[in-house]
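Dear colleague,

Please find below the structure that I am handing over to you. My findings follow it, and I would ask you to read them with the structure open beside the text.

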Amino acid sequence: MNWTWFHRLASPPHIYGIAGTLTPWFAWPAGMLIVTALYAGLVLAPPDYQQGEGFRIIYVHAPSAWLSVMVYGVMATAAAVGLIWRMKVAHAVAASCAGIGAWFTVVSLITGMLWGKPMWGTYWVWDPRLTAQLILLFLFFGYMGLRAGIDDLGRADRASAVLAIIGVINIPIIRYSVEWWNSIHQAPSVMKMDRPSMPMDMLLPLLMMLLGFTLYFAAVLLVRLRAEILRRERSAGWLKEALR
Amino acid sequence: MSAPTLIVATTLPRVGVLAACAQVLRRDLRLAVRRPTQLIQPLAFFAVVTLLFPLGYTPELGKLRAIAPGVLWVAALLASMLTLDSLFREDATDGTLEQFVVSGQPLVALLAAKTLAHWLLTGLPLTLMAPILGIALGVPTAAMPGILFALGLGSITLSLIGAMGAGLTLGVRRGGVLLSLLTLPLAVPVLVFGARATELAIAGDSLTGPLYLLGALAVLGVTLAPLAAAAAVRIGLE
Amino acid sequence: MSEFLAMDGYAMFLWPAYAVTLLALVANIVIARRAHAAARLEARRRLAIEEEESQQS
C-alpha cells in the first residue's frame, strides 16, 4: 500500500499549519463545556445523600485522573508511531504530552487527597487508584528525566519512546498488582464513585467535564506541538513563511 | 591491562549464538571475579540497610518479623540496583558494546547473556544472603525455603528490568539516579508479589499464589526485557 | 451565597481542590503559549544566522 499520503500528511509544515488552525476549534468548545459543567456541578447538581456537598470534588478529581492516564496513552502511542515509522512529528507529539500529563497527575493526587480527608479522615489512603496515580507520576518524571538527560534531540526522542512503550505495557501490570496488594490487605477501596449508578443530574456535569478536559488537552497539545515542531526543524524554507 | 575483547566478530567459522552468549557470560563473570570488592558491595549494602531497621525501629523480634518482608525486599531491590549502572556503561566506554552490535550475533541474545551474568553476580548472592538477614529480623527458619524461592524468582525480573533501564540511560551523564527513578516504578509488581510471598512464608502458609505471579513476571521479563534493552542500547550507541 | 461558599462545611477541601485544578488549567495554557513564542523566536534567530552565513559564503 502506498503510504506517501500518510507521510505527506504528517510532514512538519503541514502539521504545523493544521495545528494552528485547529487550536481554536478545540479551545473554545473546551472552555464552554468546562464553564457550563462547573456551573452544573456546583450549583445545579443535588448534594449526595452520603457525602453531602463534598462529593463535588469529583468534578475536578475524575477529569484530572482521566486526563493523566489518557495523556500517557497518547504519549506512548505517539512515541511508538515515531519509533516505528520514524516520524519526527510523532516524537514531537509525545514530547508535548509529558508536561501536561505530569501536571494533571499531580492535580489528581492533590484533589484525591482533599477528597479523602473529609470523607475518610486522612489525607492519604493507600487506595489502589491513588497509589496507581502516584506511580504514574513517577513514570512521567522518569520520561521527562530521560528526555532531559540526553543532549541529542533525536536520541532523546527515540530513547524516551522506548521508555514510554515499556511504561504503557507495565501500567496494566502495575495496576493489577496494586489492586491485588490492596485486596490482600483488605484495605477498603475508597475512591469508588460508581458512575452508572449516579443519577443523571449528577452524572451529566461529570461527563461534560470529562469531554471539556479532553478537548482542552487537545488544544494545549496543539500549541505545544507547534513549539516542538519548530524546535526540530533545522534549516527549512517553510519556516520563513510560517514565521511571518 | 585492558579488558579482554571478544573475538566473535572475527572468528571463523561463524560462532553460533549460544556459543557467543557463553563467551559473553564467561567474560563478564571472569571480569567480575577479578574485582572481588565490587562483588561484595551489593551484599554489604543489603546487610547494612537491613540491619539499620532494628536500630531505627525496635529490637523486638515480633515486631520486626511483621515488617521483615518489606524490609528484605526493599533492601534487596536497592542493593541490586547498585550494580546496574555498570552493567552496560563500561562496555559502552571501551567499545565492547559496539562490537556486540556489529558482530552479526543477535544483540538481544548477547544482552540477555550479560543480564544473566548480572543476576549470577548480584541477584543470586542477594537471594542466598536473605535468609541469614531474615534471622536478624526474627524470621523463622521454616520460612527460609519460601524466601529463597521468592527472592530467586523476583531477582531475575529485577535484573531484567534493570537491564532495560541501564540500556536507556547509557547516553545520560550521571545516569545512576535516573536509572533508579526509571527502574523502581517498574519494579513495583515484583515488590508487591515478592513481599506477599515472603509474608506468607513467615506465617507458615502456602505461598504458591504469589510465587506463580512472580514466575509469570519473570517469564514476561525474559521474553520482553532483552528486546527493549537491545533497542535502548542501539539508540544509546548512535 | 455564603451558604454556597460554605458548601456545608466541605469548603476547606472543595475550594482548594477547584483552585488547584484551575491553576493547572491556566498554567498549562500559559506554558504552552510561552513555549511556542520562545520556539518562534529561536527559529527566527536560527534562520537569520543561516541567512547571514549563506550571504557571506
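The residues that line the second largest pocket comprise 17 nonpolar, four polar and three charged ones. Please keep in mind throughout that this is a predicted model. Two or more lining residues come from each of helix H2 (12–44) and H7 of chain A, and from helix H2 (11–56) of chain C. H2(A) supplies the largest share, 10 residues.

The largest pocket has a volume of about 760 Å³. Among its 27 lining residues, A:Trp181, B:Val74, B:Val188, B:Leu191 and B:Val192 are the closest to its centre. Which elements supply at least two residues each to the lining of this largest pocket? They are H5 and helix H6 (153–184) of chain A, together with helix H3 (61–82) and helix H8 (175–203) of chain B. H8(B) contributes the most to this lining, with nine residues. By class, the lining of the largest pocket consists of 21 nonpolar, three polar and three charged residues.

I turn next to the cavities. The structure contains four cavities of 30 Å³ or more. The largest cavity has a volume of about 90 Å³, and the residues lining it include A:Val69, A:Gln133, A:Ile171 and A:Arg175. The elements that give two or more residues to the lining of the largest cavity are H5 and H6 of chain A; H5(A) has the largest share, five residues. Seven nonpolar residues, one polar residue and one charged residue make up the lining of the largest cavity.

The second largest cavity has a volume of about 70 Å³. Its lining includes A:Tyr72, A:Phe138 and A:Tyr143 from chain A, and B:Leu181, B:Leu182 and B:Leu186 from chain B. H5 and H6 of chain A and H8 of chain B each give two or more residues to the lining of the second largest cavity, and H5(A) gives the most, with four. Nine of the residues lining the second largest cavity are nonpolar and two are polar, while none is charged.

The aromatic residues deserve a separate paragraph. Over all chains, the structure holds 11 aromatic pairs. One of them is formed by A:Phe104 and A:Tyr216, an edge-to-face pair with 6.0 Å from centre to centre and 75 degrees between the planes. Because A:Phe104 lies in helix H4 (residues 88–120) and A:Tyr216 in helix H7 (residues 200–232), both of chain A, the pair ties together parts that are 112 residues apart in sequence. Both A:Phe104 and A:Tyr216 are buried. With A:Phe213, these two residues form one aromatic cluster.

The charged end of A:Lys117 sits over the ring of A:Tyr123, 5.4 Å from its centre. A:Arg226 lies over the face of A:Tyr16, at 4.2 Å from the ring centre.

With kind regards

Methods. Residues numbered from 1 in each chain as written. Chains lettered and ligands numbered in written order. Predicted model: local features only at pLDDT ≥ 70, side-chain atom pairs only at ≥ 80, totals over all residues. Heavy atoms only, no water. Phe/Tyr/Trp six-rings, centres within 6.5 Å; stacked < 30°, edge-to-face > 60°. Buried < 20%, exposed > 50% of the residue type's maximum accessible area, 1.4 Å probe, protein only. Lys NZ or Arg CZ within 6 Å of the ring centre and 35° of its normal. 1 Å grid on protein atoms, 1.4 Å probe; cavity = no way out; pocket = protein on both sides within 12 Å on 5 of 7 lines; lining within 4 Å. Points joined across faces, edges and corners; volume = space filled by probe spheres on them. Nonpolar A, V, L, I, M, F, W, Y, C, P; charged D, E, K, R; others polar.
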